[in-house]
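Have a look at the model first, then read on.

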Amino acid sequence: MAATDTPDRTRRLGHLGLAPYVLLLPSLVFLAVFFARPMVDAFTLAFEDPSGGFGLEPIRQMMADSRFGEALRTTLILLVAIVPVQFVLAMSMALVINAKLKGQSVWLYIYAIPLAVSELAAGIIWLSIFTQRGWLNSWLIQTGLLEQPFDFLGYQNRGWLIAAIVLAEAWRATSIIMIILVAGLQSIPSDYLEAAEIYGANLWKRIRYVILPMLRPSLQVALILRTVLALQVFAIVIALAGASMTVLSAEAYKWQVTYRGPNVAAAYAGLILLLSSSAAALFLWLLPASPRSGRGALNRAARPEPEREEVSR
Amino acid sequence: MTATTDPAQGEARADERPLQVRTPPRSRRHTLGRVGAYVAATLLALWVLVPLVLITFVTFVPRERVRDFPKTWWPQEWSADTFLFFWNSAGVRPALWNSIVIALMTVLMAMAIGAPAGYALARFTFRGANAYRITVLSTRAFPIVILSIPLAVTFLIWGIADTRLAVALMHTALALPFVVLITSSIFLSVSKDLEEAAQTLGCTPFQAFLRVSLPLTLPGLTAAAIFTFVLSWNEVFAASILTLRNPTLPALVLDALTVSPLPFQFAAGFFLMAPSLIFLFLIRKYLLGLWGRVER
C-alpha cells in the first residue's frame with residue numbers, strides 16, 4: 001500500500017516522514033508490554049513444571065481437574081446455543097431498523113441499550129426473572145400454568161439453567177451484532193432490494209438471495225467477535241448458576257483466585273485462546289468475504305474506505 | 001459516515017416504477033408489511049426493555065417486599081429502602097470510588113496513547129500502516145482471560161499488585177484497540193485539506209491540528225472517551241483477578257454474589273446498569289458511526 005506513494009505526495013510529506021511512526025510508537029510499546037508479553041507469559045506459565053522448566057504438568061493437572069470436562073462441555077454447548085439465537089434476533093432488529101419506520105433512531109437506541117450493560121448486571125437482571133421467587137414463577141403461577149414455583153436455576157434442572165444463561169447472554173450481547181448488521185445493511189444499495197421487490201421476491205427471498213450474500217463481510221466479523229465473546233462467558237454464569245454450573249473462564253478464575261494456581265489458570269486461558277483462534281480461522285475459511293481471496297475480512301476491516309464501494313459494486 | 005438513503009430520493013424512484021407493480025393487491029400487501037414491521041419492532045423493543053423495568057421494580061420496593069411471592073406486576077409500595085441497603089453496605093462506596101478513578105485513568109491513558117495512533121492512521125500514508133491496523137484489529141479477538149492471569153503475576157513482580165494503576169493498565173490494554181480504530185475513523189471524517197489549508201496559511205502541523213481538526217472532532221473524541229469509560233466500568237473478570245482488598249464495584253459485587261441476600265444483588269445490578277444507560281444515551285448519535293464502523 002505504502003509503495004504506491006506518488007512522488008508528489010512523498011515530497012509533500014517529506015519532512016514528516018517519521019511523524020506517523022512517532023505517533024504510533026506509544027501504542028506499539030504499550031501493546032507489546034500489555035498484550036504480546038502477557039500472551040507469551042501465559043504459554044510459559046501453562047507449560048511450566050513445578051521445578052521451573054518446560055513441562056506438561058499444568059496441562060495434565062487441568063485435564064485431571066474434576067470439573068474440566070463439564071466446563072469444556074458447557075462452554076461449547078452455550079456457544080452453539082447462543083450464537084444462532086443472537087443472529088436471528090440481531091437480523092430481525094437490523095431488518096426492522098432498515099425498514100425505516102417512524103422514529104428509526106429511537107428504535108435503534110432501544111435495541112442498542114444492552115450494549116452498555118455489563119455481563120454481571122445482565123446476569124443479575126435475568127436472575128430477578130428466573131430465581132425461584134422471581135418474575136417468571138410469579139407470572140406462571142398467576143396465570144395458573146404452575147401450582148408451585150419451579151426451580152429454574154437448580155442444579156438438577158440443567159436444561160433450564162442453560163436456557164436461562166442463553167437468554168440472558170442473547171439479551172445482552174445481541175446489540176453489538178445488530179449494530180454491525182445495520183451498518184452492513186446500510187451499505188447495500190437500495191436499488192438492489194427495490195429491484196428484487198419489483199421482480200416479486202418476498203421478504204424471505206430478499207433476505208436469502210440479496211441481503212445475506214451482500215452482508216457476508218459483516219456476518220463474518222460479527223460471527224468471529226461473537227464466538228470469541230461466547231467462549232469467555234463468565235459473570236452471567238456465576239450470577240445465574242452460582243456453583244451449579246461451570247465454564248472454562250470460571251475455572252480459570254477459580255484456579256487463579258481461590259486455589260492460587262496460576263499455572264493451571266494459564267492452561268485454561270490458553271485453551272480458551274486456542275478455541276477462539278480456531279473458531280476465527282474456521283469462519284475466515286468457511287465464509288471467505290470475497291470469492292477471490294480467502295482472507296477478506298481482516299483486509300476489509302483494515303481498510304474502512306474502499307470497502308464500501310467494493311460491496312456496492 | 002453512514003450511508004443513509006435520502007427519503008426524497010426514494011420517493012422519486014418509487015414513482016418511476018413500472019405501472020403494473022403498483023396495483024392495489026400489492027400495495028395492500030405493502031401496508032400489511034408496514035404493520036408487521038411495527039409489530040415486530042415493538043416486540044423486539046419489549047424484549048429489550050421489560051427486563052430493565054423488572055430490575056427497577058425489584059430495586060425500588062421496601063427491602064422486606066423484595067422476596068414477596070408471587071410478585072404483582074406493578075409494585076404496590078415504592079421505596080428507596082432496598083437501594084439504600086446496598087448503598088450503605090460495607091465496601092460499596094470505596095469500591096465505587098475505585099471504579100470511577102480506574103475508569104478515568106483508563107480514559108486518560110487510552111486516549112493519550114490511542115488517539116495519536118488513530119490520527120496517524122487517518123492522516124498519513126506510510127509503510128506498515130496496514131500491518132499495524134491488522135495487528136490492532138486482531139488483538140480484539142484475544143480473550144481477556146489470557147491477559148489478566150499472566151499480568152497478575154507481572155504486577156506482583158512490579159510491586160503494583162492490587163492497586164488502581166494495575167487495573168487501569170489492564171483496562172487500557174483492552175480499550176486501546178477500540179480507541180485507535182474509533183479515533184482513526186473520527187479523524188478521517190474531517191478532511192485533511194482543511195489542515196493543509198491551515199498550514200499554507202502559516203500554521204505548523206501541530207497548530208493546524210490544534211485549531212482545525214481538534215475542535216471539529218471534539219464531539220467524536222468525547223464519545224470515544226465515554227465509550228472507554230463504560231468499557232472499564234463494566235469490566236469484571238480482570239478487575240476481580242487483579243484486585244483483592246481494593247476491588248472495583250463489579251469485582252465487589254461478583255465476590256458477594258454467593259453470600260449476599262437478593263435485595264443487595266438486585267440493587268447492585270440496577271446500580272451497575274444505570275450509569276451505562278445514561279452514557280449510552282449521551283453517545284447515541286455515534287452508535288452506528290463508532291461500533292458499526294469499527295466492527296467491520
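## Where the chains meet

Let's start with charge: between chain A and chain B, the count of salt bridges is 0 (a side-chain nitrogen of Lys or Arg within 4 Å of a carboxyl oxygen of Asp or Glu). Polar contacts do turn up, with 13 residue pairs across the interface, both at pLDDT 80 or more (N or O atoms within 3.5 Å, one able to donate a hydrogen and the other to accept it; residues adjacent in sequence count only through side-chain atoms on both sides).

This is a predicted model, where local features need pLDDT of at least 70, side-chain atom pairs need 80 or more, and totals for chains, interfaces and linings use all residues. Residues are numbered from 1 along each chain as written, chains are lettered from A in the order written, and side-chain values use heavy atoms, without hydrogens or water.

## How much is covered

Chain A puts 115 residues into the contact and chain B 103 (heavy atoms within 4.5 Å). Together they bury about 10,500 Å², with 74% of that on carbon and sulfur atoms (accessible area lost on being put together, 1.4 Å probe, summed over both). On the chain A side, A:Phe35, A:Arg133 and A:Trp135 lose the most area to chain B, together 8% of what that side buries.

## A residue to look up

Technical notes: Buried area = accessible area lost by both parts, 1.4 Å probe.
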